[in-house]
Amino acid sequence: MRAKLSYALTAAVLVFYFVLVGSRGVLLIRAGTLLTVTFGVAVLILPVIGVWFLWKNTQFVRKANALAAKLDAEGGLPVDELRRLPSGRVDRDSADEIFARRKAETEDAPDDWRSWFRLAVAYHDARDTPRARKAMQRAIALHEGPR
């Protein structure tokens, strides 16, 4: 729940920023000179890109959460088997061990979204966010099937 609140707050702040920047772009365009119109258009492009990125990221999170809920209903969510250091951080050897298991599971069933989901969790536990995201995108694509 805390993560959802944090995400919502961050999204709200970004939307406020996009509106603020967009209004400045409109003011520059209204000034009417070639230079200010050019800058105004350039400034308006930033919020458009930001809104697109926020929308795509929100869709990704929504789809990943839907997969997590479905996997949880099936009883297939990965159990947290990671050993932790006294500081609370994940023991690297433990993460590597579980990662190797998840990778082998995915190699055995490359078309199963569930194995890709669990691999994404293993990547996340190993603090490899880019690969975790790619594995989750693969899980989502496999779950959605061919379009």
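The points below concern salt bridges, helix packing and one loop proline in this predicted model.

1. Helices H1 and H2. Helix H1, which covers residues 2-31, and helix H2, which covers residues 34-74, have axes that come within 7 Å of each other and cross at roughly 160°. Because angles over 145 degrees count as roughly antiparallel, H1 is described as roughly antiparallel to H2. The crossing of H1 past H2 is left-handed, and the residues of this contact divide into 19 nonpolar, seven polar and no charged.

2. Helices H2 and H4. Here the axes lie 11 Å apart, and the packing angle is about 110°, which makes H2 roughly perpendicular to H4, since the range for that label runs from 65 to 115 degrees. The crossing of H2 and H4 is again a left-handed one.

3. Residues in the contact of H2 with H4. On the H2 side the contact involves Ala64, Leu67, Ala68, Lys70, Leu71 and Glu74, and these meet Trp113, Arg114, Phe117 and Arg118 of H4. Sorted by class, this contact holds six nonpolar, no polar and four charged residues, whereas the contact of H1 with H2 has no charged residues.

4. Salt bridges in total. The count for the model comes to eleven salt bridges, of which a few are taken up individually in the points that follow.

5. A pair within helix H3. Aspartate 96 and arginine 92 meet through their side chains in a salt bridge, with an N to O distance of 3.6 Å, which falls inside the 4 Å limit used for such pairs. Both residues belong to helix H3 (residues 92-108), and because they are four residues apart there, about one helical turn separates them. Aspartate 96 counts as partly exposed, at 34% relative accessibility.

6. A pair between helices H3 and H4. Glutamate 105 forms a salt bridge with arginine 118, and the closest N and O atoms are 2.7 Å apart. Glutamate 105 lies in H3 and arginine 118 in H4 (residues 113-125), so this pair ties together parts that are 13 residues apart in sequence.

7. Aspartate 112 forms a salt bridge with arginine 114, for which the closest N and O atoms are 3.2 Å apart. Aspartate 112 is partly exposed at 22% relative accessibility, and arginine 114 is likewise partly exposed, at 25%. Through shared partners, salt bridges join Glu81, Arg101, Arg102, Glu105 and Arg118 into one network, and the pair of glutamate 105 with arginine 118 described above has both of its residues in that network.

8. Proline 110. This residue is placed in the loop between H3 and H4 and is partly exposed, with a relative accessible area of 39%. Leaving aside neighbours within four places in sequence, proline 110 is in contact with Trp116, Arg138 and Leu142. By comparison, phenylalanine 18 is 92 residues from proline 110 along the chain, and the C-alpha atoms of the two are separated by 40 Å.

Key: Residues numbered from 1 in each chain as written. Predicted model: local features only at pLDDT ≥ 70, side-chain atom pairs only at ≥ 80, totals over all residues. Heavy atoms only, no water. Helix = DSSP H or I, 4+ residues; strand = E, 2+ residues; numbered from the N terminus. Buried < 20%, exposed > 50% of the residue type's maximum accessible area, 1.4 Å probe, protein only. Axes fitted to C-alpha atoms, helices over the stretch in contact; angles between N-to-C directions. Parallel < 35°, antiparallel > 145°, perpendicular 65-115°, else oblique. Left-handed = near helix turned anticlockwise from the far one by under 90°. Contact = heavy atoms within 4.5 Å. Nonpolar A, V, L, I, M, F, W, Y, C, P; charged D, E, K, R; others polar.
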